[in-house]
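The tour goes from stop to stop, with something to select at each.

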Amino acid sequence: MANVIVIGAQWGDEGKGKITDLLSKSADVVVRYQGGVNAGHTVVVDGQTFKLHLIPSGILYPDTECIIGSGTVIDPKVLIEELDQVEALGISTSNLMISQAAHVTMPYHRLIDRASEERRGSQKIGTTGRGIGPTYADKSERTGIRMIDLMSPDRLKEQINWTVNYKNVILEKLYNLSPLDPDEVVKEYLEYAERLRPNVIDASLKIYNAIQHRRNILFEGAQGTLLDLDHGTYPYVTSSNPVAGGACVGTGVGPTMIDRVIGVAKAYTTRVGEGPFPTEAKDDIGTLLRDRGAEFGTTTGRERRCGWFDGVIGRYAVRINGMDCMAITKLDVLDELPEIKVCVAYDMEGERCEDFPSSSLQLAKCEPIYETLPGWQKPTIDCRSLEDLPKQALDYLRFLAELMNVPIAIVSLGASRDQTIVVEDPIHGPKRALLGSHGTTIIS
């Protein structure tokens, strides 16, 4: 039995969907612990592409139970659309469960999100406009509506009437927008409630019982470490906690019940939205990475900013998450390059900095210090073992592992399930066996 957290080790979009899907084969339960429809996982199975925003990746395995935890925020309209899309592709959603404590995204959240971002002007954050931040804000203000409230029509009517009238003042007076009709909102959300009612449960209790029965549980986060509300590049962050600690809070599971933390990072770095990005390549390299890596957001379709691998971020993610091992994705994107740069430290106003700064203002002043490695200029997409990889590609992976002081357990070389090298099973493999002779890498 193993309870495993999968987290993004960069700014999100690292390929967690594929890795979670891969690991879900060994999981009895997959739990999504934070975020909302602002996130997206793309999974390719037998040539068929699934784009999931709220539903855990484990839904693609018929015997795997999937839970949307209390740390998420749920737009029921989008969730129902996603359920319909998945079912239309022949995938059953009968094993999906939703935490009754999860908060609900309402129409006013989306309106306020978009209007607020527009009002920010040059100070914009780069939000997706899906209402995620305002939903979490209401949660913190204790004025939010939860899934359990949707299950009680009288309670829901009372809450919506009060809240919509309150939000209408903000919409009209602050943003010059038309007010919402409380009765229409009630009608719409009562319909959502009836569709989702069979799926709403006490998720924390369900997970606890699964642990007591020694079932394998996979905790799936959205976004990435550098978008964490407390530990990311604030204010250019999301409104929840994608880091490993967020899995415990977002599911109601104690930290002593977690066995392993697996990080996911691309073989280079990307980010979407605003904020400092020290290794961003604003030249032909950035364009090549974007084109070869198909770097466009699953949720928004926006072009991702691309650049070289940032080892400072990598070390920070290992430390913040207590990472046991890492999966490196999209190694094949680098196949054509004659040489590859890796950021090993920052130059911050003339001083060498090897630790990630807490301030975005400081990060914006950082210039990357690179080491250059030879490329392999051979296709790797058909490699299925370490022995198949070109020597320079293996050397590159070894360099990353030693730079971050974390073993690499999985290497992804394409979008499909089979385009993967599993060096060591990160769920069932013995934890000590993941470490090499110097405690740095299992790749030797």
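Select C325. Its closest cysteine sulfur is in C248, 17 Å away, too far for a bond. C325 is buried, at 0% relative accessible area (buried means under 20%, exposed over 50%, partly exposed in between, using a 1.4 Å probe and protein chains only).

Now select C66. The closest cysteine sulfur is again in C248, and here the separation is 19 Å, too far for a bond. C66 is buried too, with a relative accessibility of 0%.

A word on what you are viewing. This is a predicted model, in which local features need pLDDT of at least 70 and side-chain atom pairs count only at pLDDT 80 or more, while totals for chains, interfaces and linings use all residues. Residues are numbered from 1 along each chain as its sequence is written, and side-chain values use heavy atoms, with hydrogens and water left out.

Move on to M326. Leaving aside residues up to four places away in sequence, M326 touches A9, G263, A265, V318, M404, V406, P407, I408, A409 and I410 (contact means heavy atoms within 4.5 Å).

M326 is also among the residues with the most contacts inside the largest nonpolar core, which has 59 residues. A nonpolar core is a set of buried Ala, Val, Leu, Ile, Met, Phe, Trp, Tyr and Cys residues joined through side-chain atoms within 4.5 Å. Which helix gives this core its largest share? Helix α13 (residues 391-404) does, with eight residues. Helices (H or I, at least four residues) and strands (E, at least two) are DSSP runs, numbered from the N terminus.

A second, separate core has 44 residues, including L60, V73, I112 and I132.

Follow I132 into helix α4 (residues 132-141). Its buried residues are I132, P134, T135, Y136 and D138. Their cover includes β6 (73-74), β8 (103-104), α3 (107-120) and α6 (153-174). Just after α4, check R142: its phi is positive, about 65°.

Last stop: D13. Select the loop between β1 (3-8) and α1 (16-24) to find D13. An unreviewed UniProt entry lists D13 and G40 under "binding site"; such annotations may be inferred rather than shown by experiment. D13 is partly exposed, at 25% relative accessible area. Beyond residues up to four places away in sequence, D13 touches K266, T270, V272 and R304.

Conventions: A disulfide is a pair of cysteine sulfur atoms within 2.5 Å.
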